[in-house]
Amino acid sequence: GKINFGKVLAGGIAGGIVSFLLGGLIYSVVFKSAMDAGVAAGMMKAPDSSTLTMEFLNGTLYAILGAYVYALARPRLGASVASAVKVSLLMVAFYFLSGAAAMIWSAKGCGDASSMLPMLVGLLIPFAGTFVGAWIYKD
């Protein structure tokens, strides 16, 4: 059928908000000591308003893309939680393989392979954004 771009946009914006909040929780609460240590060691800079704005815009654009991919897949997969999970996993794989995760990790100054747990946990961010966007899109 026809794609409802209003729903894609609404789902993407909601997914972007969830992604931004989840990212804040992961990096500012769960892994706060690791992030603070990176700032103290001069390996990364503390987030400022421009960094936070870019994080929000990046998450929102990615969630819009995820909602659009869900809208494309929905006629074949059906409107269900399982379909939203499948598309979300596909988007996480794309996110990781596209190098976005590695670039973000490197930009945070945390390229040490022994400290990759925050990056791996951070993969929940695009999953959540896509899932929320897909869930809002479903009829």
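Colleague: What makes Lys32 and Asp36 a salt bridge?

Modeller: Their side chains meet at 2.8 Å, N to O. The rule asks for a side-chain nitrogen of Lys or Arg within 4 Å of a carboxyl oxygen of Asp or Glu, so the pair qualifies. In general, side chains of opposite charge can pair when their charged atoms come close. A search of the whole structure finds one salt bridge.

Colleague: What should I keep in mind about the model?

Modeller: It is predicted: local features need pLDDT of at least 70, side-chain atom pairs count only at pLDDT 80 or more, and totals for chains, interfaces and linings use all residues. Residues are numbered from 1 along each chain as its sequence is written, and side-chain values use heavy atoms, with hydrogens and water left out.

Colleague: How many aromatic pairs are there?

Modeller: Seven. Rings of Phe, Tyr and Trp (its six-membered ring) pair if their centres lie within 6.5 Å; planes under 30 degrees apart are stacked, over 60 edge-to-face, the rest tilted.

Colleague: Why is the pair of Phe5 and Tyr68 called stacked?

Modeller: The ring centres are 6.0 Å apart, and the planes meet at 20°, so the pair is stacked. Phe5 is in helix α1 (residues 5–30) and Tyr68 in helix α3 (residues 49–77), 63 residues apart. Phe5 is exposed at 54%, whereas Tyr68 is partly exposed at 29%.

Colleague: Why is the pair of Tyr70 and Tyr137 called edge-to-face?

Modeller: The centres are 6.2 Å apart, with 75° between the planes. That angle is over 60, so the label holds. Tyr70 lies in helix α3 and Tyr137 in helix α7 (residues 124–137), so the pair ties together parts 67 residues apart in sequence. Tyr70 is buried at 1%, and Tyr137 is buried at 3%.

Colleague: Which residue lies over the face of Tyr137?

Modeller: Lys7, at 6.0 Å from the ring centre. The rule wants NZ of Lys or CZ of Arg within 6 Å of the ring centre and within 35 degrees of the ring normal.

Technical notes: Helices (H or I, at least four residues) and strands (E, at least two) are DSSP runs, numbered from the N terminus. Buried means under 20% relative accessible area, exposed over 50%, partly exposed in between (1.4 Å probe, protein chains only).
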